[in-house]
Structures are given as structure tokens and as C-alpha cells.
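Hi there,

Here is the model I promised to pass on, and my notes follow below it. Please have it open while you read.

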Amino acid sequence: MRFGFIGAGNMAGAIVRGMVAAGYPADQITVSDPNAAAAQNLANDLGVSAVPTNEEVVAACEYVVLAVKPQVLESVLTPLADAVSAHRPTLVSIAAGQPLSRLASWLPEGTAIIRVMPNVNAQIGAGMAAVAGNEHAGAEQVQAVLEAFSSVGRAIEIQEKDMAAYSAVAGAGPALTYEFIDALARGALRHGIPKALAVEIAAQTVLGSAQLVLEKLTEGTTPADLTDTVTSPGGTTIAGLVAAEQAGFSPSVVSFVDGVVTRDRELGS
């Protein structure tokens, strides 16, 4: 089966590189981009095919990933209606805030559409992606997309109604995590550790903690359970946790999620 990418920017490049690194045949991937040099660079680096038009991607591929900005998606899809009608590929959108119903309104009746929300960490093979298909996308098609995005991290199938909440945690969550790492580092800086070293310490701590959470989830252990393992009565950790809660730590994180969900729904309405 052949995968095509309309758009050859950072996210598309990360996915293509991940697929090839995971063993997907490079000669079964086709890429186009308004900036022909971007598509050609992927072709030169990885051995994929670069073509000059989006119509050629649709004609050549069973799966077409729409790796373009949400605001230009309609203008990209509308001219492709005839090609989509003729070749019937499965279209895969990674545009934020664009529901399946809106995508379907720009495409021929009966088009199989799968919505995917990857995140920025795909560029180092540690991404998180959620997949939701419309009524015309069968289990085999959804599975093929799950496997493609699993090459750059983890991929799960969810219901589209949960996509906004997912986007808040996985799509926008990295930004909050970066801010948290920087805040930890500033705290260490305040107490005499140089900033670069403080950032390294904080980042490795977050990385290791996240890995431990994922490993322990299979045993039924929750993050709260892990917190208890490093929190002693009357100790330093509980003192820090209480101080953070008094400063509004948990409510501020929930407010972050609420803010992202609200904006995502505004974009989709």
C-alpha cells in the first residue's frame, strides 16, 4: 500500500522519516509540497518520490496524509475533488480543530476520512497520536494509519468527540511540559545551580518520571501511587507538594486543559 503526503513540512518530514526508519519501503511513499525543494529534500534524503502536484499524490496513493495548516485545508482539498472521486484514496488529516464532518463537506460523498492528531515529539520518534475515522473508514484503514503513526511514537484510536480533550493533553501539553521543565530549572537556578545544568537535570527527571508512569500503568499503578513512593511523612517532598498546591498548581493545569478545549471547539464550530 502506498502512502502520500501533501505537505513536506516538519511534521510530515518527521512521520516520513519515522516510517522509513521503521522499515516501511521508501519507494511506497510519495510527497508533494508548494515548496518543491522541501519535497525534493525528503526524496534525496530518504529515497521517497517527490512529485510536483497534489493530484499526482492522490492518483498514486491509497492513503493521502494532508499535512497542511488548518487555514489552507479547504483551498487544498477543493481542487482535488475530481481526483479523489476517480481514485478513492483514504484521506488522513492532521489539521487541528477540523472535524470529520467539515472535511467531508469539502470532498466527494462516501470518501473515507481519518483524522489524526500527532504531536511535536514525533520529530524524535517519541510522539503521541490519536486516530478517529468517519463512517466510510473501515477497521483495516484505521489500522494502517495507526501503524504508520506508531512509527514515530505511540498511536491510539479514540472517538472524535474526545479529540479536543486529547489535543489539550497531547497536542498542547508539550508546551506546558516545556514550561514546567523551565520552571523547575528556574527554581534550581534560584538556589545556585547554573541554568543549563538545571535544565538538563529537570528534563531528565521529567523523562524518567514519564517512562516510569508508562511502565507502571500496565501493573495498575497510578501517578498518585508513584507520588506516594517518594513522599515521606514530614519530609521535603510533601513540603514542596503542599506549597505547590497552595500556589494553585493543580487548578492551573486543569485550567490549561480547559482553555485549549474551549479554543479547539471554537475552531471546529
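Arg-17 is partly exposed, at 39% relative accessible area; on this scale buried means under 20%, exposed over 50% and partly exposed in between (1.4 Å probe, protein chains only). Before going on, please note that this is a predicted model, in which local features need pLDDT of at least 70 and side-chain atom pairs count only at pLDDT 80 or more, while totals for chains, interfaces and linings use all residues. Residues are numbered from 1 along each chain as its sequence is written, and side-chain values use heavy atoms, with hydrogens and water left out.

What does Arg-17 pair with? Its partner in a salt bridge is Asp-45, with 3.2 Å between the closest N and O atoms. By salt bridge I mean a side-chain nitrogen of Lys or Arg within 4 Å of a carboxyl oxygen of Asp or Glu. Arg-17 belongs to helix α1 (residues 10-21) and Asp-45 to helix α2 (residues 36-46), so the contact ties together parts that are 28 residues apart in sequence. Helices (H or I, at least four residues) and strands (E, at least two) are DSSP runs, numbered from the N terminus.

The structure has seven salt bridges. Another one joins Lys-195 to Asp-182, at 3.2 Å from N to O. Here Lys-195 sits in helix α10 (residues 195-217) and Asp-182 in helix α9 (residues 173-190), so parts that are 13 residues apart in sequence are tied together. Both ends count as partly exposed: Lys-195 at 31% relative accessibility and Asp-182 at 26%. Asp-182 and Lys-195 also belong, with Arg-186, to a network of salt bridges. A further pair is Lys-216 with Glu-219, at 3.6 Å from N to O; Lys-216 is partly exposed at 27%, whereas Glu-219 is exposed at 55%.

Now for the overall picture. The protein has 13 helices and eight strands, and 38% of its 269 residues count as buried. Its C-alpha trace spans about 70 × 40 × 35 Å along the principal axes.

Two strands pair if DSSP finds at least two bridges between them.

Let me walk along part of that sheet:

- β1 (residues 3-6) pairs with β4 in the parallel sense over four bridges, and Phe-3 has Tyr-63 as its bridge partner in β4.
- β4 (residues 63-66) runs parallel to β5, again over four bridges; Val-65 finds its bridge partner Val-92 in β5.
- β5 and β6 (residues 113-117) are parallel and joined by three bridges, with Ile-114 in β6 as the bridge partner of Val-92. Between β5 and β6 the chain passes through helix α6 (residues 100-105), giving a right-handed β-α-β crossover.
- β7 (residues 127-133) and β8 (residues 153-157) pair in the parallel sense over five bridges; Glu-157 in β8 is the bridge partner of Val-131. The β-α-β crossover from β7 through helix α7 (residues 139-150) to β8 is right-handed.

Right-handed means that, with the strands pointing away from the viewer, the path from the first strand over the helix to the second runs clockwise.

In a regular strand the side chains alternate between the two faces of the sheet. Strand β5 (residues 90-93) is covered on both faces: Thr-90 and Val-92 on one side, and Leu-91 and Ser-93 on the other, are all buried.

Arg-88, in the loop between α5 (81-87) and β5, has a positive phi of about 55 degrees although it is not a glycine. Arg-88 is partly exposed, at 38%.

Lastly, a helix pair. The axes of α8 (residues 163-171) and α13 (residues 249-268) come within 8 Å and cross at roughly 130 degrees. That makes α8 oblique to α13; angles under 35 degrees count as roughly parallel, over 145 as roughly antiparallel, 65 to 115 as roughly perpendicular and the rest as oblique. The axes are lines fitted to C-alpha atoms, for helices over the stretch in contact, with angles from 0 to 180 degrees between N-to-C directions.

Best wishes
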